[in-house]
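Work through these exercises with the model in view. Each task is followed by its solution.

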Amino acid sequence: MSLNATARKPLVTPAAPARAPRPRLTPLPKTAARRKPKLAYALTALGGALAIGAAQIGLSLAITQDSYTLASLSSQQRTLDLQTSALQEELTGLSSPQALATSASALGMVVAGAPSYLRLSDGAVFGTGTGAGWASTVDPNGAGAVSNSLLVPPASADANDGPVADDAATQTEQLPPAITDGLPSPETH
Amino acid sequence: MTTRATRSPRRRTVVALAVILSILGVFIVRLVDIQVVSADEHVAQSLVYLGDKTTISGQRGSIVDADGTVLAESVTVYDWNMDPKAMNAVETDEDNPPKLPWAEASTKIAEIMGLNADELRAGVAAAREENPDTQWYQLAKGLNAKQYTDLKALKLPYLHADSRETRVYPNGAVAGSVIGFLDGSGTAQAGIEKMETQCLAPTNGEETYRKGTNGVVIPGSEQKTDAVDGGSVQLTINSDLNWYLQQMIAEEAQAQGAQGGTVTVVEVKTGKIRAAAEWPTVDPNNLNGSSPSSWYSKLFTYAFEPGSTFKPVTAAAIMENAGVTPTSPTVSASSKEHFPNGAVINDAFAHPTYNYTLAGALIDSSNVALSKFGTMVSPDVRYDYLQRFGVGTKTVGFPSETSGELHPTSEWDNQSLYTTTFGQHFTVTAPQVAGAYQAIANGGEKIDLSLIESCTDADGTVHKAADPEKKQIIKPETAAELNARERRSAGRQRRAHQGSRLPRDEQDRYRADPRRQRRLQVRRLLHEHGGLRPGRRSAVRRDRHSRPAD
């Protein structure tokens with residue numbers, strides 16, 4: 001029935017005279033009742049805020065932690081740098097040709113004169129062809145010695161309070177112990 | 001349609017908005033003015049009250065030899081001092097007694113610093129007695145990193161260290177006077193240190209920061225420009241060779257009773273100075289260990305009349321300009337002759353009148369014969385040849401290097417007209433002589449001497465020294481001829497010259513096998529009795545590391 005009624009209406013309307021309909025005041029439709037806010041949104045927002053907060057705390061913790069790590073690493077670096085330079089300082093002077101020549105001559109070695117050459121193609125020997133003589137061509141300890149003050153302190157230190165004193169001490173120590181309380185027995189743990 | 005009621009609030013809104021916008025505009029303009037337009041000015045103003053800066057000093061670069069052996073480097077040393085007042089406070093703190101009491105600590109400190117413990121304790125006690133509030137007592141200066149670590153390990157709150165940079169020369173006096181030294185403030189005074197200051201000197205950095213009340217640094221306000229360390233200079237010198245030659249020249253000069261001596265070794269093919277040895281020299285680590293006269297290298301700064309060593313230059317001039325060959329023509333010469341213009345020339349040894357070829361005159365080193373040969377060409381030609389061989393031109397630009405003295409021909413008098421043929425009336429330095437012989441040994445091509453290989457920046461960029469100038473100054477044939485003479489007369493003079501200890505057999509090898517090329521040119525000079533006289537034609541020695549050429 002209602003189907004018929006709606007079907008009929010268009011038939012009627014065109015027949016009506018084309019007059020602008022009078023504006024009618026109609027009450028505004030009642031606003032739809034506010035829907036209850038979805039809990040999910042609130043949770044999302046809150047969760048987001050918390051996540052941001054947590055991330056920030058995490059990051060700042062990480063940064064703080066890193067700065068501690070950095071501090072400890074750079075102090076480690078400083079220590080290692082100091083060790084490096086301490087070791088290098090030990091080498092300074094010892095690497096000099098004077099030090100080498102002096103130590104070699106202390107071992108009874110000599111600075112050789114003219115070199116000899118071996119030609120690989122036919123095995124021919126050029127030059128003196130003999131070994132070094134008994135005397136050095138230069139005397140690293142003589143009047144012509146090329147000075148290096150870096151070598152003096154360790155040498156004199158060794159001479160003053162190093163080997164000399166130690167030798168005296170060790171020589172007395174190395175005497176067989178006086179046997180007073182019977183034969184000495186090794187201490188065991 | 002709009003009613004009065006709706007129109008009025010809109011107008012109000014517009015007016016309010018306009019007012020707000022205009023105020024905002026004013027603020028924006030001001031903001032831009034402050035932040036952008038006159039920002040720099042304001043920052044500068046604020047820095048006067050807030051900013052401060054500290055200089056970060058860079059390290060001076062090192063000097064290394066041709067093989068990279070360090071010849072000079074900067075190291076950090078520490079000056080230690082202590083606070084006697086703080087020490088006393090720690091010592092008398094009864095609630096919290098020190099782990100290491102002063103009596104014990106002072107012994108350990110003295111041990112590490114190499115001091116006498118009793119003297120140390122007495123010194124501190126005396127300082128406290130004089131002024132109980134004193135907070136500074138100098139313990140030791142210039143301690144090394146090992147000592148620094150050891151002292152830090154004692155964990156004593158009243159010890160303080162100030163670090164500073166000092167220069168160390170690991171090889172001591174090897175090429176000492178060539179390398180030079182710095183003064184107490186780190187300014188180069190001599191040698192390579194001075195010559196290469198531009199490469200070696202560091203660029204200081206700085207750290208700027210803002211300070212709040214009480215001088216507290218405001219965190220985050222620090223701005224740091226890192227210091228750039230100085231570059232490292234590589235020399236052409238071989239330090240081992242230099243040491244050996246220094247050792248030899250020192251022994252030789254002392255054996256001969258000379259006042260000093262130098263040896264210059266130049267690589268023939270490149271003009272690089274491989275050794276610059278001299279005696280007496282200085283250990284830059286310890287300037288006070290040698291007399292101030294030896295602090296500065298004489299090698300480049302002392303000019304002398306080269307004498308017979310410059311006869312080959314005369315020979316080159318006449319061979320190329322007067323058609324003279326080593327064997328013809330001949331001139332007759334006795335050991336002392338009066339020349340028509342009044343000049344008197346002597347030979348070094350007495351001999352009857354000989355008919356000398358040029359070769360003979362060179363081998364006997366006859367001044368009279370050379371005078372006669374030399375005047376076969378005009379003085380201007382000889383002047384030109386002396387110049388070509390480097391007389392009157394500085395070699396490597398060493399600090400206070402002298403160019404020697406070459407008088408123009410217009411100033412040559414009757415005597416010097418002849419003496420200039422055998423190396424008198426003009427002066428040269430030892431490297432100039434070496435340079436002249438480099439040209440002869442290198443087939444007549446003179447290559448400017450060099451002492452600096454390269455400069456390497458702190459970031460590793462290598463700046464090679466400019467290529468030396470090369471110039472063919474005499475014909476290769478002339479050079480070959482002079483070379484052959486050189487070898488022969490060198491062998492002969494070697495035997496005549498006792499005291500020299502360069503291996504004799506090497507001379508014989510050169511004579512036996514003329515195909516062998518010299519790689520190094522060695523010049524040796526001895527100062528005698530105040531004056532400086534060149535040693536005889538000195539030895540020619542092959543590089544120790546070289547293979548025999550076949």
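**Exercise 1.** Find the residue with a positive phi in the hairpin of strand 2 and strand 3 of chain B.

Solution. The hairpin has five residues between its strands. Among them look for G68(B), which takes a positive phi near 90°. Strands here are DSSP runs of E, at least two residues long, and helices are runs of H or I, at least four long, numbered from the N terminus. The model is predicted: local features need pLDDT of at least 70, side-chain atom pairs count only at pLDDT 80 or more, and totals for chains, interfaces and linings use all residues. Residues are numbered from 1 along each chain as written, while chains are lettered from A and ligands numbered from 1 in the order written.

**Exercise 2.** Trace the pairing of strand 3 (residues 70-82) of chain B.

Solution. Strands pair if DSSP finds at least two bridges between them. Start with strand 2 (residues 63-64): two bridges join it to strand 3, antiparallel. Here V64(B) stands opposite V70(B). Next, strand 5 (residues 159-168) pairs antiparallel with strand 3 over 10 bridges. V77(B) has R164(B) as its bridge partner. Finish with strand 4 (residues 137-143), antiparallel to strand 3 over four bridges. There M82(B) faces Y137(B).

**Exercise 3.** Describe how helix 4 (residues 102-113) and helix 5 (residues 117-130) of chain B pack.

Solution. Their axes lie 8 Å apart, at an angle of about 120°.

Methods:
Axes are lines fitted to C-alpha atoms, for helices over the stretch in contact, and angles run from 0 to 180 degrees between N-to-C directions.
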